[in-house]
Amino acid sequence: MSLWFLLLGFAVHLALASTIPSPRPLVLWHGLGDSHSSPGMLEFMKLIKEIHPGIFIHSIFISEDLNEDKKAGFYGNVLEQLEFVADQLAAIPELEAGFDAVGLSQGGQFLRAYVECYNKPPVNNLITFGSQHMGISDIPICKPFDFLCQIARKAAKRAVYSTWAQENLIQAQYYRDPNNYASYLHANHFLPYVNNEIEEARNQTYARNFASLSNLVLVMFTEDKLVVPKESSWFGYEELRDSVVSDASDQQRFLAMDKKIIPMREQPLYIEDWIGLRELDERGAVVFSECVGEHMEMGDCWEELIVEYTGGSL
Ligand SMILES: *[C@@H]1O[C@H](CO)[C@@H](O)[C@H](O)[C@H]1NC(C)=O
């Protein structure tokens with residue numbers, strides 16, 4: 001009798017265990033000036049695990065060494081880093097069946113590039129916080145004592161579209177000069193490609209992969225001064241001047257004017273659907289979200305997004 005109950009209990013236990021779904025794994029890509037396992041990132045992971053007990057989380061690294069990893073946020077070649085990350089993710093057995101992804105700041109547009117160019121294993125939901133999807137029109141300002149940042153900024157400001165800057169300074173690789181769009185298209189080997197901005201080089205795979213996301217959650221920080229313009233996190237951008245003004249005096253007049261922001265749905269990238277963004281949006285899969293505060297001032301605003309868009313069942 002008691003053995004019978006024991007067996008029955010065991011069978012019930014097995015049945016339950018197989019119906020309790022395990023949460024979908026999560027991949028994080030940290031932001032500029034941070035590293036894969038900084039105190040902030042470790043705390044973030046701990047809080048996510050409290051929300052989704054048992055969740056597997058991988059924090060992307062370029063180098064396992066924390067200082068080197070931080071440095072790689074300023075110095076390096078984005079395309080090479082992406083290839084390295086794609087190999088890293090493909091080698092993790094827990095991620096085999098796909099994962100959700102959260103990108104902080106520049107980590108967000110790099111994760112989007114991963115989705116477009118690789119997506120093996122595939123991303124389900126992608127959440128990006130304050131990411132420069134349409135580029136930046138100014139190189140980010142640095143904290144007073146952040147020497148690493150200041151050197152990179154100086155070098156980038158001096159010759160942003162030089163071959164050296166484009167191969168070695170990360171921020172230069174998503175600098176999109178609204179007054180000099182032609183140079184950007186010509187010199188930059190990262191952003192114009194993942195945004196499919198170069199007509200002859202448009203890659204349909206990027207659009208197909210990107211449109212395969214379940215949800216794309218775009219978070220903008222309302223007071224962001226590091227991402228210029230902040231609307232870049234929502235795929236908006238300043239009007240490109242060299243397409244609307246012809247001579248130098250016009251240009252001067254234009255610079256003095258207020259910068260006009262063209263929102264996502266009025267961008268050629270969206271209208272002609274170069275990257276599958278419009279397809280996503282028309283499916284209702286693009287979520288616009290705001291965090292009140294400066295760049296990466298997360299407060300509590302991340303929490304409901306993590307609850308809703310990560311940790312779903314596989
Ligand atoms: C398009 O992108 C895919 C994925 O990155 C790549 O395998 C393919 O070679 C690219 N096609 C062209 C024509 O560049």
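Me: Helices (H or I, at least four residues) and strands (E, at least two) are DSSP runs, numbered from the N terminus. With that settled, where is the place of Pro229?

Reply: Pro229 sits in the loop between β5 (215-221) and β6 (237-238). Before we go on, this is a predicted model, where local features need pLDDT of at least 70, side-chain atom pairs count only at pLDDT 80 or more, and totals for chains, interfaces and linings use all residues. Residues are numbered from 1 along each chain as its sequence is written, and side-chain values use heavy atoms, with hydrogens and water left out.

Me: Thanks! Is the peptide bond from Val228 to Pro229 cis or trans?

Reply: The bond from Val228 to Pro229 is cis, with omega near -5°. Lys120 to Pro121 is a cis peptide bond too, with omega near 5°. Pro121 lies in the loop between α5 (106-117) and β4 (123-129).

Me: What about phi of Ser105?

Reply: Phi of Ser105 is near 50°, which is positive in a residue other than glycine. You'll find Ser105 in the loop between β3 (99-104) and α5. Ser105 is buried, at a relative accessible area of 4%. For the cut-offs, buried means under 20% relative accessible area, exposed over 50%, and partly exposed in between (1.4 Å probe, protein chains only).

Me: And what is the phi of Met296?

Reply: Met296 has a positive phi of about 60° and is not a glycine. Met296 belongs to the loop between β8 (286-291) and α14 (301-309). With a relative accessible area of 23%, Met296 is partly exposed.

Me: Switching to the sheet. In which order do the strands form it?

Reply: An open sheet of 6 strands runs in the order β2-β1-β3-β4-β5-β8, with parallel pairing. Its edge strands are β2 (57-59) and β8, each of which pairs on one side only. From one strand to the next, the twist averages 15°. Strands count as paired if DSSP finds at least two bridges between them.

Me: How many bridges link β1 and β2?

Reply: Strand β1 (residues 26-29) pairs with β2 in the parallel sense over 3 bridges. Val27 stands opposite His58 in β2.

Me: Which strands does α14 lie across?

Reply: α14 lies across β3, β4, β5 and β8, and runs at about 175° to β4. Axes are lines fitted to C-alpha atoms, for helices over the stretch in contact, and angles run from 0 to 180 degrees between N-to-C directions. Contact means heavy atoms within 4.5 Å.

Me: Nice. Now disulfides: how many does a search of the whole structure find?

Reply: The search finds 2 disulfides, each being a pair of cysteine sulfur atoms within 2.5 Å. Cys142 is joined to Cys149, with an S to S distance of 2.1 Å, and Cys291 is joined to Cys301 at 1.9 Å. Numbering the bonded cysteines of the protein chain in sequence order, the pairing is 1-2, 3-4.

Me: Is the disulfide of Cys142 and Cys149 left-handed or right-handed?

Reply: The torsion about the S-S bond of Cys142 and Cys149 is about -80°, so that disulfide is left-handed. Cys142 is partly exposed at 22% relative accessibility, whereas Cys149 is buried at 9%.

Me: Which parts does the pair Cys291 and Cys301 tie together?

Reply: Cys291 lies in strand β8 and Cys301 in helix α14, so the pair ties together parts that are 10 residues apart in sequence. The torsion about the S-S bond of Cys291 and Cys301 is about 90°, so this disulfide is right-handed. Cys291 is buried, with a relative accessible area of 0%, while Cys301 is partly exposed at 21%.

Me: On to packing. How many residues has the largest nonpolar core?

Reply: The largest nonpolar core has 58 residues, and those with the most contacts inside it are Phe210, Leu216, Phe235 and Leu277. Apart from that core lies another one of 22 residues, among them Ile57, Val102, Cys291 and Ile306. A nonpolar core here is a set of buried Ala, Val, Leu, Ile, Met, Phe, Trp, Tyr and Cys residues joined through side-chain atoms within 4.5 Å.

Me: What does Leu277 touch?

Reply: Not counting residues up to four places away in sequence, Leu277 touches Phe210, Leu216, Phe235, Met264, Leu269, Tyr270 and Val286.

Me: Last one: is Asn188 buried or exposed?

Reply: Asn188 counts as buried, at 0% relative accessibility. Asn188 lies in the loop between α8 (181-187) and α9 (191-194). The side chain of Asn188 reaches the backbone oxygen of Gln173 at 3.0 Å.

Methods: A polar contact is a pair of N or O atoms within 3.5 Å; within protein, one must be able to donate a hydrogen and the other to accept it, and residues adjacent in sequence count only if both atoms are side-chain atoms.
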